[in-house]
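Dear colleague,

Please find below the structure that I am handing over to you, with its sequence. My notes on what was found in it come directly after.

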Amino acid sequence: MAIEQVSASRSFEGVQGVYKHASSMTGTEMTFSVFVPAQAGEGNLPIVWYLSGLTCNHANVTEKGEFRRACAELGLIFVAPDTSPRGDDVPDDPAGAYDFGLGAGFYVDATEAPYSRNYKMWSYLTEELPQVIADNFPADMTRQSIMGHSMGGHGALTIGLRHPDRYAAISAFAPIVAPSQVPWGEKALTGYLGDDRAAWRKHDAVALIEDGARAGALLVDQGAADPFLEQELRPHLLKDACAAANIDLTLNIREGYDHSYYFISTFMADHLRWHADRLAEVGASCRGPRPA
């Protein structure tokens, strides 16, 4: 799959690039960023996928996430996709609201008109973009992990829970853990998937766990001063679901931190080290025991 390089900059001896390609899934041009550390010269490297939140695109974490030093140290490729299809012909929220439409794809494949034409973010991120990465970057597709923020935390949790054999680690910053139970999620899931709430469950982390989905471990950081904490995020629902399912959840409530990239960048390296440890375990398992 052909891609076009938009920019490339040297950083921590690696390369931070921005790329675009014509997506067959969304029917639009899609832009994404990739950081490739210097260790790529020694062979293919594990990948961390980062999914952004409402109103964001690839640039938010690329410019403000402060992930490159840790990725360079740990030998991790960092991939940051967009949050929705974009273009003059792509339908948006009729009222121009920030929480639906452009910048707010919610990582689902829409079934409702007119959004079903372009809003195929689930298939784009689980099928098309991984193939693009495999074809164009020194990526070890047997070692992948996923993380995200807010709406992207929702995406990381649901994609990770539904693909437990693909992702060695799942983490999130201030995720929407139960979109079926909060205003942001109810609006988005109704608009993209219709009124059948049973169809929403596969895009709701808490519901997925209740319905039998499992993960080896989850890491979540949440700011205690986040203005969306009680109404939209509700991490206690994930804590309760994981406890009932015996899933190892580390939930860090960070006093004084809000929903911003100041919060994310503070704990980004901690998350990446957590991912690197689990990706290394996958690599060791793939290599098998050493000969005597």
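The notes below cover the sheet, the helices packed on it, one further helix and the cysteines.

This is a predicted model, in which local features need pLDDT of at least 70 and side-chain atom pairs count only at pLDDT 80 or more, while totals for chains, interfaces and linings use all residues. Residues are numbered from 1 along each chain as its sequence is written, and side-chain values use heavy atoms, with hydrogens and water left out.

The sheet

Helices (H or I, at least four residues) and strands (E, at least two) are DSSP runs, numbered from the N terminus. Two strands are said to pair if DSSP finds at least two bridges between them. Nine strands form an open sheet with mixed pairing, in the order β1-β2-β3-β5-β4-β6-β7-β8-β9. Its edge strands, each pairing on one side only, are β1 (4-11) and β9 (248-254). On average, neighbouring strands of this sheet are turned by 20° against each other, direction ignored; axes are lines fitted to C-alpha atoms, for helices over the stretch in contact, and angles run from 0 to 180 degrees between N-to-C directions. Strand β8 (residues 217-223) pairs with β9 in the parallel sense over seven bridges, and Gly223 has Arg254 of β9 as its bridge partner.

Helices on the sheet

Contact here means heavy atoms within 4.5 Å. Helix α3 (residues 121-136) packs on the sheet, and the strands it touches include β2 (14-22) and β3 (29-36); its direction makes about 55° with that of β3. Helix α4 (residues 151-162) also packs on the sheet, touching β4, β6, β7 (167-173) and β8, and its direction makes about 140° with that of β6.

Helix α9

Buried means under 20% relative accessible area, exposed over 50%, and partly exposed in between (1.4 Å probe, protein chains only). In helix α9 (residues 235-245), the buried residues are Pro235, Leu237, Leu238, Ala241, Cys242 and Ala245. Seen down the helix axis, these residues fall within an arc of 150°, so they line one face of α9; the arc is that of the directions from the helix axis to the C-beta atoms. The face turned away from the buried side carries the exposed residues Ala243 and Ala244. Among the elements covering the buried residues are α4, β8 and β9. Just after α9, Asn246 takes a positive phi of about 60°.

Cysteines

The structure holds zero disulfides, a disulfide being a pair of cysteine sulfur atoms within 2.5 Å. For Cys56, the nearest cysteine sulfur is that of Cys71, 18 Å away. Cys56 is buried, with a relative accessible area of 8%, and Cys242 is buried at 1%.

Yours sincerely
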